[in-house]
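Thanks, everyone, for making the time. I would like to walk you through one structure this morning, going from the overall picture to a few individual residues.

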Amino acid sequence: MIGVGLLGRIRARSGHVEFVADVDETLDVDLPQRFSWAVGLATSPARRRVLDVGCWTGGLLGLVAAHDPTELVGVDIPGPWLPVAQRRLPGAKLLPMDNFDHFPDELQGRFDTVFFLETLEHLPRGSETTVLTALAGLLADGGELVLSTPVAGLAALCDPAWLLIGHRHYRKATLARMLADAGLAVQRVCYEGNTWTSIDTSLLYGYKHVLRRHYATPVGIAKRQPQTLYPVRRIDSTNIWLKAGVAKPSPHTV
């Protein structure tokens with residue numbers, strides 16, 4: 001039986017975030033490929049200052065830590081996921097923040113790499129450009145933002161989070177416009193996933209929100225999913241990845 005809370009979120013299409021310990025405490029550990037893609041898109045994090053906004057339980061931070069960064073910081077909304085991340089990464093600085101549209105002064109212009117994975121679609125609708133502008137302000141000279149989010153297309157019809165609670169899927173042009181409005185220029189675009197990825201995600205949601213138990217991708221499904229990012233969107237692509245940097249002023253600007 002679907003809980004009353006979930007029914008309310010279906011009606012509101014709210015994008016609410018829910019933590020289920022038996023699932024979420026192991027989920028980041030089960031996703032090393034995605035985090036490897038994120039690190040691969042970025043400049044090597046060795047001896048760099050790295051921030052993960054929407055760090056959840058610290059899976060990506062754990063992979064970055066192995067590259068010996070100069071500084072490692074994670075930010076997320078307050079919740080039980082942050083203590084999990086801190087236990088995993090006692091050397092990282094983890095900051096609870098109620099929203100991502102303004103960051104403390106000591107973080108401004110500080111980071112060489114800012115990761116923002118699977119978080120844009122959770123923001124209040126219409127706040128994306130404001131948050132991206134705030135993220136741009138965190139970048140040091142030559143810094144980079146690595147972002148991933150669900151991509152608009154056929155896969156949205158197979159995404160329970162889109163159908164039920166309103167997680168948004170974005171077009172490349174829409175994201176490029178938002179980034180440009182935030183003072184960022186797209187440097188690279190890639191895509192991930194296929195129909196089997198959509199099936200895998202639906203099973204994960206079923207295990208998490210209905211069965212409330214750990215989910216591991218079946219071997220047969222894992223083998224049928226793309227093992228790398230690819231440069232051109234396919235009809236069943238599930239996610240878009242972008243790398244962006246601070247836009248340089250036009251030489252014609254007075």
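This is a predicted model: local features need pLDDT of at least 70, side-chain atom pairs count only at pLDDT 80 or more; totals for chains, interfaces and linings use all residues.

Residues are numbered from 1 along each chain as its sequence is written, and side-chain values use heavy atoms, with hydrogens and water left out.

First, the overall picture. The chain has 10 helices and 7 strands, where helices (H or I, at least four residues) and strands (E, at least two) are DSSP runs numbered from the N terminus. Of its 254 residues, 49% are buried. The accessible surface comes to about 12,500 Å², with 58% of it belonging to carbon and sulfur atoms; these areas come from the Shrake-Rupley method with a 1.4 Å probe, and for residues only the protein chains shown count as cover. If we take contacts, meaning heavy atoms within 4.5 Å, between residues at least 6 apart in sequence, then 73% of them join residues at least 24 apart.

Now to strand 5, residues 139–150. How many of the residues of strand 5 are buried? The count is 10 of the 12, so this strand is largely enclosed by the rest of the structure. On one side of the pairing, where two strands pair if DSSP finds at least two bridges between them, strand 4 (residues 111–117) runs parallel to strand 5 and is joined to it by 6 bridges, with L147 of strand 5 as the bridge partner of F116. Strand 7 (residues 239–246), by contrast, runs antiparallel to strand 5, and 7 bridges join the two; here S148 has W241 of strand 7 as its bridge partner. Strand 4, helix 6 (residues 128–136) and strand 5 together make a right-handed β-α-β unit, right-handed meaning that, with the strands pointing away from the viewer, the path from the first strand over the helix to the second runs clockwise.

That brings me to the charged pairs. A salt bridge here is a side-chain nitrogen of Lys or Arg within 4 Å of a carboxyl oxygen of Asp or Glu, and a search of the whole structure finds 8 of them. Because K243 lies in strand 7 and E144 in strand 5, the pair ties together parts that are 99 residues apart in sequence. K243 is buried, with a relative accessible area of 16%, and E144 is buried too, at 3%.

A further salt bridge links E118 and R34, whose closest N and O atoms are 2.7 Å apart. This pair links distant parts of the chain, since E118 sits in the loop between strand 4 and helix 6 and R34 in helix 3 (residues 32–41), 84 residues apart. E118 counts as partly exposed at 22% relative accessibility, whereas R34 is buried at 14%.

Let me turn to helix 5, residues 81–88, where W81, L82, V84 and A85 are buried. Seen down the axis of helix 5, the buried residues fall within an arc of 160°, so they line one face of the helix; the arc is that of the directions from the helix axis to the C-beta atoms.

Finally, two backbone details. Most residues other than glycine have a negative phi, and most peptide bonds are trans. R47, in the loop between helix 3 and strand 1 (49–53), has a positive phi near 60°, and W56, in the loop between strand 1 and helix 4 (59–65), has a positive phi near 55°. Are these two residues buried or exposed? R47 counts as exposed at 54% relative accessibility, while W56 counts as buried at 16%.

Methods: Buried means under 20% relative accessible area, exposed over 50%, partly exposed in between (1.4 Å probe, protein chains only).
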